Amino acid sequence: MYSSSHPLLPLQSSATFQQVLLAMTAILLASCGVEPEQRDCPTEQGYLEICATLFGEPAEGLGLLRSNPETEHPLEALLDEQGCARIQLSPGDHEWAAMALSGNCVAPYEEVTISSCGEVTEVSIELDNWCMLGR
């Protein structure tokens with residue numbers, strides 16, 4: 001234990017020592033340009049998980065993604081056995097849709113905002129509503 005009579009260690013308890021140590025660590029990290037929130041952030045990017053069902057069952061098909069409405073060829077991600085696809089993206093606004101493998105059931109694009117730090121944004125759609133419209 002530290003003695004308060006020592007001129008270099010005037011700390012009264014280990015709790016005080018820990019508080020000082022944490023404060024010094026925070027100052028050191030700030031001087032290196034690393035914010036405390038960034039230390040806990042595994043990645044700058046986030047994830048979009050698109051899930052689709054067709055007639056109440058996980059859909060076989062594609063999740064579609066585009067950054068803006070003018071994108072001619074959207075990014076396509078194959079839906080897994082649960083009818084879902086997870087895509088890593090930069091934070092910001094994107095548009096997503098889903099399509100059954102038959103190509104007859106294509107949902108319209110919807111906007112979604114992706115967060116950073118590895119956060120997963122989940123979206124889902126039932127494709128059978130769009131089969132009847134021939135989309």
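Predicted model: local features only at pLDDT ≥ 70, side-chain atom pairs only at ≥ 80, totals over all residues.
**Whole chain**

Start with the protein chain in cartoon view. It has 135 residues, and 30% of them are buried. Count three helices and eight strands. Take the contacts with a separation of 6 or more: residues 24 or more positions apart account for 63% of them.

**The open sheet**

Select β3, β4, β6 and β7. These four strands form an open sheet in the order β4-β3-β6-β7, with antiparallel pairing. Which strands sit at the edges? They are β4 (75–78) and β7, and each pairs on one side only.

Zoom in on β6 and β7. They run antiparallel, and five bridges join them. Pick H94 and look across to β7: V112 is its bridge partner. Strands of a sheet pair through backbone hydrogen bonds, so show the backbone atoms here.

**The nonpolar cores**

Show side chains for L48, I50, A52, W96, I125 and L127. They have the most contacts inside the largest nonpolar core, which has 21 residues. Which elements give two or more residues to this core? Colour β1, β5 (84–89), β6 (92–100), β7 (110–114) and β8 (120–126) to see them.

Then select L62, L64, A97 and V106. They are among the five residues of another core, which lies apart from the largest one.

Return to L127 and show its surroundings. Leaving aside neighbours within four places in sequence, L127 is in contact with A52, T53, L54, A59, A98, M99, A100, C105 and A107.

**A glutamate in β1**

Select E49. This residue is in strand β1 (residues 46–54). Is E49 buried or exposed? E49 counts as buried because its relative accessible area is 17%, and the cut-off is under 20%. Show what surrounds E49. Not counting residues up to four places away in sequence, E49 touches C84, A85, R86, V120, T121, E122 and V123.

**Charges over rings**

R86, one of the residues that E49 touches, is the next stop. The charged end of R86 sits over the ring of Y47, 5.9 Å from its centre. Move on to R66. Its charged end sits over the ring of Y109, 3.7 Å from the centre.

Last, look for rings paired with rings. The count of aromatic pairs is zero.

Methods
Residues numbered from 1 in each chain as written. Heavy atoms only, no water. Buried < 20%, exposed > 50% of the residue type's maximum accessible area, 1.4 Å probe, protein only. Contact = heavy atoms within 4.5 Å. Core = buried A, V, L, I, M, F, W, Y, C linked by side-chain atoms within 4.5 Å. Phe/Tyr/Trp six-rings, centres within 6.5 Å; stacked < 30°, edge-to-face > 60°. Lys NZ or Arg CZ within 6 Å of the ring centre and 35° of its normal. Pairing = 2+ DSSP bridges.
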